[in-house]
Amino acid sequence: MAMIRVAVIGAGQWGPNLIRNFHNKQTSEVVWIIDRDATRLEEVHAHFPDVQIAKDPEQALRDSSVHAVVVATPTGSHYALAKEALERRKHVLVEKPLTTEVKQGLGLLELATKYGLTLMVGHVFVYNPAIRKVKEYLDAGHLGKVYYVSMVRTNLGPVRVDVNASWDLAAHDLSIANYWLNAEPLSVSAIGGAWINQGIEDAVFATLRYPKGVLVNLHASWLNPRKARNITVVGEKRMLTCDDMNLNEPLHIFDKQVSDPRIPPTYVDSFASFRASIRKGDVTIPKVPIGEPLGTECAHFLECIVTAKQPFTGAPEGIAVVRALEAMQRSIRAGGRQEQV
């Protein structure tokens, strides 16, 4: 595979990780690092002294030797940068969310299709080995019919000033839910609270209705004392938890179910017997392969460029997430009214 020359626009919190993965000197190399912050640029340049740096994206976009552009800037700038890169006939990887409007995403998809270019979205959690393992269980019917999914993504910071917690955090969970359920939500009801910056919700609580009666509940917040990435999937036959903070044992499968709700409860007259009565079946801890999701994502982007295959998290998947986020935003503004997606 020929060496792919990459320009990374945005060297902030996530940018250095992208630079590290693409500057592998085997399948790709980073030739430009762009950031508006001169101090940040110099800091990153100290770690990658062989890469050109600039504050203006134009310098990288007009470089005919650049094959691909990675956009890791604030959400509001994604569309303009990705559009210009595609018009310059460059492949594009955009960090989530793809855009702030569905119509913008559709426009980028049209451009990519027109010029035969790869357009991919950085929904990195879909490349997580544990998330993919859950997908295998769901597709195999191991949990039976899925009843509902509960997803919690919280931390103390970083506080955004361009988008609220749903666009910043819930975008991850929406991409996971869509992937697991192989569907888009039908409707959503959401509320949020803005305490740090006026008009920008620091915490969002949302419930989405998916096809086949599946409910997905999201709690996304950057104003929380505890970092959590917890997901619970409740199925007809079994239940499952996924804790991304547990690096060694992220998945637990509970062999629990309601066999017949009409059966009267057993007689319980002590705490010990109560504890025993609520435990049903075994708990299985599957072995999950170790791997860096971002590394897998970056390698997949390069593969798609070379083979012209459709990205696993391409524009259609990115647009689906933006469509749900738009509906979530409408619901928040309407005080929690249920909105069609």
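The model is a predicted one, with pLDDT of at least 70 needed for local features and 80 or more for side-chain atom pairs, while totals for chains, interfaces and linings use all residues. Residues are numbered from 1 along each chain as its sequence is written, and side-chain values use heavy atoms, leaving out hydrogens and water.

The open sheet is built from 9 strands in the order β14-β13-β12-β11-β7-β10-β9-β8-β15, with mixed pairing. Strands (E, at least two residues) and helices (H or I, at least four) are DSSP runs numbered from the N terminus, and two strands pair if DSSP finds at least two bridges between them. At the edges sit β14 (283–284) and β15 (339–340), each with a single partner strand, so one side of each has no neighbour in the sheet. Strand β7 (residues 146–156) runs antiparallel to β11 (residues 223–235) over 9 bridges, and T154 stands opposite A228 in β11.

As for salt bridges (a side-chain nitrogen of Lys or Arg within 4 Å of a carboxyl oxygen of Asp or Glu), the structure holds 20. One of them joins K135 to D139, with the closest N and O atoms 3.4 Å apart; both residues lie in helix α6 (residues 129–139), 4 residues apart, or about one turn. K135 is buried at 12% relative accessibility, whereas D139 is exposed at 54% (buried means under 20% relative accessible area, exposed over 50%, partly exposed in between, with a 1.4 Å probe and protein chains only). R229 and D244 also meet in a salt bridge, 3.0 Å from N to O.
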